[in-house]
Amino acid sequence: MTKVSLPPTNAFCPQALFLYGTDKPDGRPNFGLFCWFSYYWDTELKVMACIGGDKQTKDQIHRTGVFSACMVTERLLPIADYLGNTDGYRADKMEIPVQIERGAVLPVPVLADSPWCFELEVINRFEMDGGEIYHCVIRNVLADERLSDEKLDLDERMRLASPVVTAGIQRYFSLNSHSIGAWGQWKHLREEGTH
């Protein structure tokens, strides 16, 4: 294998996609699409998440200190792409047919159709030049009960979860490495009326 030097990039380094759920001050839910999400260990499993730029989600995390992170699946991808490519400050952003429930432990919105949702409490926030990193305690995981059924083999449970990943090449991929869409492909979902 011959190697070449490249400028900083995360191309070909897949990252899972999550819809972060927060409540606006009037109680209406808002979801944004993010992939700067990972895990760390500090006496227990914890989460680190990063949000760059001005975002409705960031404003509400500052205000409440809590949010949900709902795993994006192949089935949820059109809605996730729309939510990630529609300005969170638009008053009508959430006027789409999506079923929203409440967290079991924290006061956060969660997506009913996501098979794996973290309820997260921010314990540290680090401001940078253009973004912020949040260290979070996992207060609860709401999961499709089939994913905890150890009678099903792991391959079957991963097929049931069907998480979507992305990389720095602006495409979405299934876990079998097949491209399943481009960033922004569904950004006009609400206007087109296709759900």
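R125, E127 and E132 are linked in a network of salt bridges, a salt bridge being a side-chain nitrogen of Lys or Arg within 4 Å of a carboxyl oxygen of Asp or Glu. The model is predicted, with local features requiring pLDDT of at least 70 and side-chain atom pairs counted only at pLDDT 80 or more, whereas totals for chains, interfaces and linings use all residues. Residues are numbered from 1 along each chain as its sequence is written, and side-chain values use heavy atoms, with hydrogens and water left out.

The structure contains ten salt bridges. One of them joins the side chains of D23 and R102 at 2.7 Å, N to O, and this pair links distant parts of the chain, with D23 in strand β2 (residues 18-23) and R102 in strand β7 (residues 100-102), 79 residues apart; strands (E, at least two residues) and helices (H or I, at least four) are DSSP runs, numbered from the N terminus. D23 is buried, with a relative accessible area of 14%, while R102 is partly exposed at 44%, where buried means under 20% relative accessible area, exposed over 50% and partly exposed in between (1.4 Å probe, protein chains only).

In helix α3 (residues 154-161), the side chains of R159 and E156 form a salt bridge at 3.2 Å, N to O. These two residues are separated by about one helical turn, because R159 and E156 lie three residues apart in helix α3. R159 is exposed at 55% relative accessibility, whereas E156 is partly exposed at 29%. The helix α3 is followed by S162, whose phi is positive, near 45 degrees.

Conventions: Polar contact = N/O pair within 3.5 Å; in protein donor to acceptor, adjacent residues only side chain to side chain.
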